[in-house]
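Dear colleague,

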Amino acid sequence: MRFLTFIFSLFFAFSATANEHSSAERDIYKSLIAVFYSSQGNHREAAAIFAEIGNRLGDPDLLKEATAEAVWAKDRKLAIGHSVDWIKLGGGVSARQSYAELLLLDGQWAKAEEILAALMREGAQSPGDLFVQLSNAKDFRRALQTGVRLFADDAESKEYLARLAVHAKDWAVAEQAVADSLVADKNRVRLYFIRAHLLSLKNQDTKAALPVLKSYLDAGCPGGNTGCSEEILIFAYRRFVNGLAARNLGDWDAPLKTPALWREQAALSAAEFFEINQMPDKATPLYKRVAKKFFYARLGLARLARDSGDLAAALKIIDKSSVADGGEFILREITAADIMEKMGDKDAALKRIVNAHKTTPDNARLIYFHALLAESAGHIDQAIALLRRMTKLYPQDPNAWNALGYVMADHNIALEEAEGYIKKALSIRKDDPNILDSLGWVYYRLGRLASARHYLNKAAEGESSAEIFAHLGEVLWELGNHEEAKKIWRKALAQFPQNTVLDETVSRYRPFE
């Protein structure tokens with residue numbers, strides 16, 4: 001507030017005596033006005049003032065500000081124009097880099113590539129800089145084509161090319177780039193993790209990473225570190241993958257450098273990894289090792305007991321598990337209610353989640369799970385009301401819109417309205433397999449089978465899910481493609497032998513009789 005008061009006082013002081021001040025003072029006055037405009041979100045006006053003063057004074061720093069303001073105003077053409085002036089005034093490498101990035105975003109690939117190639121020849125930017133610029137362009141296919149031409153043949157450049165190819169889902173280029181980089185430098189630790197991630201994505205199965213990690217362990221990772229173990233490697237791998245997703249690798253390899261400090265956390269992380277990949281025999285001892293220290297280890301043991309069918313033991317573990325905060329409390333109650341439902345006591349499950357929901361009525365996870373339990377118990381109107389409330393509390397949460405649309409579609413309620421909710425979810429999180437599945441399902445309910453098949457095929461390409469395969473098989477069967485439906489169901493049954501939705505769908509059609 002004091003800053004705004006100061007700006008206004010300057011504004012009126014200079015306005016009253018503008019003719020009495022020098023041109024330099026007037027430029028200061030205008031710059032203050034530009035800062036004020038920027039603070040109020042009027043970036044276009046701020047850009048115009050910075051550009052006018054910068055061009056008149058020949059000051060590249062002001063053109064840099066003008067470019068930034070135009071970017072914040074989401075006016076790419078204006079930003080490109082200011083960046084050109086920034087270069088003319090001697091903005092140097094940073095101005096050329098900014099100009100190239102804006103051209104990429106604007107789809108002017110040939111012109112951008114010419115600038116980037118010059119910067120690389122001059123050694124004015126690193127392979128990492130080029131990777132960031134191409135990744136930010138969003139069009140990963142086009143970015144990869146440019147990267148193939150611009151990245152050099154050294155190990156570092158090949159590593160970045162491999163990462164770009166992973167983004168573009170071009171497995172052949174990614175595999176070759178990793179292989180080339182390993183030939184150039186066999187000790188580049190990240191390459192093994194890139195290869196593991198590549199195989200996981202390619203096979204849609206994180207378990208595919210294990211052979212690569214094991215080969216690295218057998219070779220004496222890293223640099224002969226005797227403290228390295230399978231769980232340490234898995235922990236580092238998961239940190240690496242999370243860093244890739246966030247575009248910030250940070251200190252992902254700290255566990256490899258000082259494994260003793262990370263051993264307990266690594267055991268928990270590895271147990272979660274094995275659980276996700278349906279390897280309970282490897283997950284259980286790791287969870288037990290750290291169960292006293294970590295709530296999430298106790299939660300994992302409860303899930304494993306639940307999934308093995310020992311529901312009484314699972315509930316006992318949960319009920320005896322202390323929690324340290326509200327987040328752990330919510331997870332405990334959701335897991336307990338889920339176990340109760342699987343035990344066949346839907347009323348007890350619903351009662352438990354209702355009591356938990358009363359403690360934190362606006363928690364998204366509790367609202368969501370409460371709605372799912374209500375639907376499972378046959379209280380469809382209550383489930384829809386809860387999900388409607390969730391969309392109002394969390395309008396940018398795609399899960400809320402998707403769940404609302406899916407529940408309505410699954411129960412043949414206001415299908416056109418349900419379609420709108422699912423499309424809203426898809427606009428927030430594009431190409432999400434679960435949302436694509438919901439959209440395919442609502443089209444099936446509407447009788448638009450061709451559209452249903454299209455979206456369910458896209459969903460199946462993005463994720464292996466029992467529900468997606470159940471829905472896709474049902475649509476194919478209704479379209480008369482019985483052999484293709486049976487092939488999908490047979491594969492799904494082998495992968496998900498105890499899924500309720502899949503079992504119900506296949507039992508209804510009896511395709512193998």
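Helices α29 and α30 are oblique to each other, because their axes meet at an angle of about 140°, and angles over 145 degrees would be needed to count as roughly antiparallel. Please bear in mind throughout that this is a predicted model. Helix α29 covers residues 482-495 and helix α30 covers residues 500-509, and the two axes lie 11 Å apart. The crossing in which α29 passes α30 is left-handed. On the side of α29, the contact is formed by W489, A492 and L493; α30 contributes L502, D503, T505, V506 and Y509.

In the segment after α30 you will find R510. R510 is not a glycine, yet its phi is positive, at about 45°. The relative accessible area of R510 is 55%, so this residue is exposed.

A second pair of helices is α10 and α12. Their axes come within 11 Å and cross at roughly 15°, which makes α10 roughly parallel to α12. This crossing, too, is described as left-handed. From α10, the residues E159, Y160, A162, R163 and V166 take part; they meet R190, L191, I194, H197, L198 and L201 of α12. The contact of α10 with α12 divides into 7 nonpolar, 1 polar and 3 charged residues.

Helix α12 deserves a section of its own. It runs over residues 189-203, which is 15 residues. From the first C-alpha to the last, α12 reaches 22 Å, close to the 21 Å expected at 1.5 Å a residue. Which residues of α12 are buried? They are L191, Y192, F193, I194, A196, H197, L198 and S200. The buried residues of α12 pack against α10, α11 (171-184), α13 (209-218), α14 (230-246) and α15 (254-257). Just after α12 comes Q204, with a positive phi of about 50°.

R195 also belongs to helix α12. Is R195 buried, partly exposed or exposed? Its relative accessible area is 30%, so R195 is partly exposed. Leaving out residues up to four places away in sequence, R195 touches V178, A179, L182 and V212. R195 and R163 are 32 residues apart along the chain, and their C-alpha atoms are separated by 9.6 Å.

S321 is placed in the loop between α19 (311-320) and α20 (326-342). With a relative accessibility of 3%, S321 counts as buried, because the limit for a buried residue is under 20%. Apart from neighbours within four places in sequence, S321 is in contact with F295, R298 and R332.

K74 lies in the loop between α4 (60-72) and α5 (76-88). K74 has a relative accessible area of 79% and is therefore exposed. The phi of K74 is near 60°, which is a positive value in a residue other than glycine.

With kind regards

Key
Residues numbered from 1 in each chain as written. Predicted model: local features only at pLDDT ≥ 70, side-chain atom pairs only at ≥ 80, totals over all residues. Heavy atoms only, no water. Helix = DSSP H or I, 4+ residues; strand = E, 2+ residues; numbered from the N terminus. Expected span 1.5 Å × (residues − 1). Buried < 20%, exposed > 50% of the residue type's maximum accessible area, 1.4 Å probe, protein only. Contact = heavy atoms within 4.5 Å. Axes fitted to C-alpha atoms, helices over the stretch in contact; angles between N-to-C directions. Parallel < 35°, antiparallel > 145°, perpendicular 65-115°, else oblique. Left-handed = near helix turned anticlockwise from the far one by under 90°. Nonpolar A, V, L, I, M, F, W, Y, C, P; charged D, E, K, R; others polar.
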